[in-house]
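Colleague: I have a model open and would like to learn how to read it. Could you take me through it, one feature at a time?

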Amino acid sequence: MKVAVVVFPGSNCDRDMHYVFSDVFKLKTELVWHTDELPKNIDAIVLPGGFSYGDRLRAGVIAAHSPVISEIKKMAEKRMPILGVCNGFQILVEAGLLPGALLKNTSLTFMCKWTEIIVKNNKTPFTNKLKLNQRIPIAIANGEGRYYADKETLKLLKKNNQIVFTYAEEVNGASLDIAGICNKQRNVVGMMPHPERSAESIINPKNSKPASLIFESLLNTLGVA
Amino acid sequence: MPSFKVDVIIENKPEISDPEGDTILNDLILKKRDTPVKKVRSAKMLKFEVEAKNQKLAEKIVMELCNEFRIYNPLVSKVSVESFDA
């Protein structure tokens with residue numbers, strides 16, 4: 001079993017993500033440059049956080065046209081588990097793999113703090129070890145993290161159970177306090193908070209176990225838990 | 001082939017909140033003095049220079065690029081173009 005962590009110019013959470021998968025959860029993990037082909041033998045794809053292309057034009061939009069994205073779209077159709085975190089979430093949205101948009105936070109500031117999110121869908125490859133409504137202490141760090149969708153899209157997200165995480169407190173003005181969503185098939189998940197910065201007790205001052213279950217959920221999905 | 005300047009203005013749709021415009025209005029303009037200004041909306045402008053047979057075609061080329069590369073996000077933004085002789 002192997003995870004590909006895709007690296008774009010300006011990604012800066014790729015090494016952290018690689019470390020958590022490989023060193024903490026002992027899963028074979030490979031960093032893949034965005035112009036390279038995806039390795040043949042991968043079982044999951046992660047788009048890490050950062051500032052791809054310096055957030056030029058709009059966060060994630062230029063990376064969404066990278067060569068690797070067309071391959072990722074094919075893997076998404078094949079129901080491969082795909083996780084986008086922070087800028088990775090923005091890229092998935094801009095690539096059309098997830099609905100909605102990520103706008104500047106209402107505070108207009110880059111926010112970097114601990115918060116809590118609530119599990120609203122525990123039937124995705126990244127949440128199946130979590131309980132419904134379980135709270136996850138987790139780090140957030142973004143400037144364009146305010147999830148927005150129009151009324152019709154929000155209605156569909158609710159109807160199809162595509163809201164995966166909500167914030168326990170109002171943090172950035174996101175529609176319905178959404179922190180993470182999935183596609184209709186539930187194999188593509190995007191979230192603004194950073195589980196890779198929250199899954200070890202040495203760096204999580206609150207409780208690292210719930211965030212670690214996001215990774216353990218993938219292990220469970222891949223049959224290696 | 002003639003050249004044209006095509007300005008692309010991208011702004012949030014009216015129903016999308018614009019904290020940057022609100023901040024400029026509330027924390028700058030309205031704080032300093034009485035003003036007839038009632039609203040400020042922020043926007044982004046991209047300035048293209050395009051070779052095309054005519055001005056209309058130059059605008060069409062730019063609009064097609066905007067749509068193809070998602071220069072603006074149609075869910076939250078609206079776009080307008082203004083063109084001039086280069």
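Predicted model: local features only at pLDDT ≥ 70, side-chain atom pairs only at ≥ 80, totals over all residues.

Colleague: Is L57(A) buried, exposed or partly exposed?

Modeller: A residue is buried if 20 or more other C-beta atoms lie within 10 Å of its own, and exposed if 12 or fewer do. L57(A) has 17 C-beta neighbours inside 10 Å, so it counts as partly exposed. You will find L57(A) in the loop between β3 and α2 (67-77) of chain A. Its phi is near 70°, a positive value in a residue other than glycine.

Colleague: Which other residue has a positive phi although it is not a glycine?

Modeller: One of them is D177(A), with a phi of about 55°. D177(A) sits in the loop between β9 and β10 (178-182) of chain A. The neighbour count for D177(A) is 18 inside 10 Å, so this residue is partly exposed. Look also at K26(A), which comes just after α1(A) and takes a positive phi of about 55°.

Colleague: Since you mention that helix, which residues of α1(A) are buried?

Modeller: Start with the general idea. An α-helix has 3.6 residues a turn, so residues three or four places apart point the same way. Now the case here: α1 of chain A covers residues 14-24, and D14(A), M17(A), V20(A) and F21(A) are buried. Viewed down the axis of α1(A), these buried residues fall within an arc of 135°, so they line one face of the helix.

Colleague: What do the buried residues of α1(A) pack against?

Modeller: Their partners in chain A are β1 (2-7), β2 (28-33), β3 (44-47) and α5 (209-222).

Colleague: Let's take a strand from that list. Which way do the residues of β3(A) point?

Modeller: With a strand, look at both sides. A44(A) and V46(A) point one way from β3(A), I45(A) and L47(A) point the other way, and all are buried. Then look along the strand for its pairing. β3(A) pairs with β1(A) in the parallel sense over three bridges, and V3(A) has A44(A) in β3(A) as its bridge partner. β3(A) also pairs with strand β4 (residues 82-85) of chain A, in the parallel sense over three bridges. There, I45(A) has I82(A) in β4(A) as its bridge partner.

Colleague: Where in chain A can I see antiparallel pairing?

Modeller: Go to strand β6 (residues 111-119), which pairs with strand β7 (residues 135-142) in the antiparallel sense over eight bridges. To find your place, locate I118(A), whose bridge partner in β7(A) is R135(A). β6(A) is also joined by three bridges to strand β9 (residues 163-167) of chain A, again running antiparallel. In that pair, V119(A) has F165(A) as its bridge partner in β9(A).

Colleague: And in chain B, which strands does β1(B) join?

Modeller: Strand β1 of chain B (residues 3-12) runs antiparallel to strand β2 (residues 43-51), with nine bridges between them. E11(B) stands opposite A43(B) in this pair. Nine bridges also join β1(B) to strand β3 (residues 77-85) of chain B, which runs antiparallel to it. Here I9(B) stands opposite S80(B).

Colleague: Now for the cores. How many residues does the largest nonpolar core have?

Modeller: The largest nonpolar core has 70 residues, and V6(A) and L92(A) are those with the most contacts inside it. Apart from that core lies another, of eight residues, including V6(B), V50(B), V62(B) and I71(B). To explore around L92(A), look for the residues it touches beyond four places away in sequence: L47(A), G84(A), L97(A), L98(A), V188(A) and G190(A).

Colleague: How compact is chain A?

Modeller: Begin with its parts: chain A has five helices and 11 strands. Its radius of gyration is 16 Å, close to the 17 Å that the globule rule gives for 225 residues, so chain A is as compact as a globular protein of that length. Buried residues make up 51% of the chain. Among contacts in chain A between residues at least 6 apart in sequence, 74% join residues at least 24 apart.

Terms used:
Residues numbered from 1 in each chain as written. Chains lettered and ligands numbered in written order. Core = buried A, V, L, I, M, F, W, Y, C linked by C-beta atoms within 7 Å. Contact = placed C-beta atoms within 7 Å. Helix = DSSP H or I, 4+ residues; strand = E, 2+ residues; numbered from the N terminus. Arc of directions from axis to C-beta. Pairing = 2+ DSSP bridges. Rg over C-alpha atoms; globule rule 2.2 N^0.38 Å.
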